[in-house]
Amino acid sequence: MSSRPTVRWGIISQDFVKTYCQGKPPRVYDTYEEVYRDPNVDIVYIGTPHGFHFRDCMQAISAGKNVLCEKSFTLNAKQSREIFAAAREKHLQRLLHEEKIIGDVFRVFCDFASGVDIASLPSTSRYRDLTLGAGSLLDIGVYSLTWARMALGGKIPDQSEMPRILAAQTHEEGVEINTSTILQYASTGRQGIVTSTTKALGAPGEVFAVVHGTNGYVEIEGRTPSAPESFTVWSKQEGNPDRAFFPREACQGKKYEFATLGRGFVHEAENTALDIIEGRKESRIMPWAETLYIMDIMDEIRRQGKTVYPSE
Ligand SMILES: NC(=O)C1=CN([C@@H]2O[C@H](COP(=O)(O)OP(=O)(O)OC[C@H]3O[C@@H](n4cnc5c(N)ncnc54)[C@H](OP(=O)(O)O)[C@@H]3O)[C@@H](O)[C@H]2O)C=CC1
Ligand SMILES: O=C1OC[C@@H](O)[C@H](O)[C@H]1O
């Protein structure tokens, strides 16, 4: 029987250790620098607010560590590029794990609604503090974009066509709270309608994305776009003359449910561990080029929506 290799993670959180590691206490560090200096740490997971991702990635990379960084990867594409340039030199990087859906599609709609009462939060909250990257697009709109991207793109990221973008954002207390974006791919006419808001709660378990194809549509259900639980494929029945609409009674729906391991963190961690064990320095599922592609789109949405972070 083969033995399971050990991957040593760099995690800093006294509370986490107290709660979950009783009986088998790991080494606990007082500062990030101590983690970076420890030769026994293989991977550093960056789960700080968005505004710190650039700093934390650069420090971990410069210390020679493998890195798994949370979304939104950075505040903007410029920072992402700098990180990849640094990582390329060191041959280090691990990025987020995303699920994929497939199909011959022409349109995707996806919305992430999350109720955050920004006014009631302390000014230091990552949902409110612009220096921490507050705003719906970076925190939750990035999931909507990713679903649209997966369904509409389908090419190797480096060769992907940049869509035409039409975007609007609204703000409250200086924080971006609604983002509405239309993406259009000129070569195919495929379209994405992508939204996010912190002004309303989504309905758990309900449809958060719809992918329209030439012969039916797929509805994706779950708690939020970051926690999909199932999808239903609605195929047009043979012989149905109505090609303009796909009414449910004229369709056969087949639901595919899948077991979720936990929140997004779990998938990311598992995939990164597998990459490290198998000697890969860049995720096959979420290559660097894909992150840059999404960051470029978010930069353009923010440019049109007039959302600027203090460090920019
Ligand atoms: N993939 C997924 O499913 C999810 C991903 N995320 C992502 O994870 C990241 C963190 O989110 P979340 O855990 O809610 O964030 P928190 O606000 O809880 O902050 C996480 C940690 O960052 C450090 N930190 C927070 N604020 C500051 C500050 N002002 N100055 C210095 N350090 C600070 C603290 O570390 P310490 O205690 O060591 O000081 C804190 O424990 C974000 O990028 C978010 O988008 C969030 C939820 C789900
Ligand atoms: O999955 C999520 O839901 C709520 C958000 O605030 C969080 O950052 C995100 O990852």
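This is a predicted model: local features need pLDDT of at least 70, side-chain atom pairs count only at pLDDT 80 or more; totals for chains, interfaces and linings use all residues.
Oxygen atoms of ligand 1 make several polar approaches to the protein. A polar side-chain atom of Arg126 lies 2.9 Å from an oxygen atom of the ligand. For His53, the distance from a side-chain N or O atom to an oxygen atom of ligand 1 is 3.1 Å. Thr48 takes part through its backbone, with an N or O atom 3.4 Å from a ligand oxygen. Taken alone, ligand 1 exposes 900 Å², and the protein buries 61% of that area.

Ligand 2 has its own shell. The residues around it are Lys71, Phe112, Arg126, Tyr127, Asp139, Ile140, Tyr143, Ser226 and Arg263. Four residues of the ligand 2 shell are nonpolar, one is polar and four are charged. Helix H5 gives the most to this shell, with three residues.

A polar side-chain atom of Tyr127 lies 2.6 Å from a ligand oxygen. For Asp139, the distance from a polar side-chain atom to an oxygen atom of ligand 2 is 2.6 Å. An N or O atom in the side chain of Tyr143 is 2.7 Å from a ligand oxygen. Taken alone, ligand 2 exposes 270 Å², of which the protein buries 82%.

Buried residues make up 17 of the 17 in H5, so the helix is largely enclosed by the rest of the structure.

The loop between strand S3 (66-69) and helix H4 (77-90) includes Thr74. Ser72 lies in this loop too. The peptide bond from Lys71 to Ser72 is cis, with omega near -25°. Most peptide bonds are trans. Thr74 has 0% relative accessibility and therefore counts as buried. Its side chain is joined to that of Ser80 by a polar contact of 2.6 Å.

Val41 is found in another loop, between helix H2 (32-37) and strand S2 (43-46). Val41 counts as buried because its relative accessibility is 5%, under the 20% cut-off. Lys65 is 24 residues from Val41 in sequence, yet their C-alpha atoms are 7.6 Å apart.

Two residues other than glycine have positive phi values. Most residues of this kind have a negative phi. Phi of Glu173 is near 55°. Glu173 is found in the loop between strand S5 (164-172) and strand S6 (175-184). At 52% relative accessibility, Glu173 counts as exposed. Phi of Lys306 is near 60°. Lys306 is found in the segment after helix H7 (288-305). Its relative accessibility is 67%, so Lys306 counts as exposed.

Note on methods:
Residues are numbered from 1 along each chain as its sequence is written. Chains are lettered from A and ligands numbered from 1 in the order in which they are written. Side-chain values use heavy atoms; hydrogens and water are left out. A polar contact is a pair of N or O atoms within 3.5 Å; within protein, one must be able to donate a hydrogen and the other to accept it, and residues adjacent in sequence count only if both atoms are side-chain atoms. Accessible areas come from the Shrake-Rupley method with a 1.4 Å probe; for residues, only the protein chains shown count as cover. Buried means under 20% relative accessible area, exposed over 50%, partly exposed in between (1.4 Å probe, protein chains only). Helices (H or I, at least four residues) and strands (E, at least two) are DSSP runs, numbered from the N terminus. A residue is near a molecule or strand if one of its heavy atoms lies within 4 Å of it. Ala, Val, Leu, Ile, Met, Phe, Trp, Tyr, Cys and Pro count as nonpolar, Asp, Glu, Lys and Arg as charged, and the others, Gly among them, as polar.
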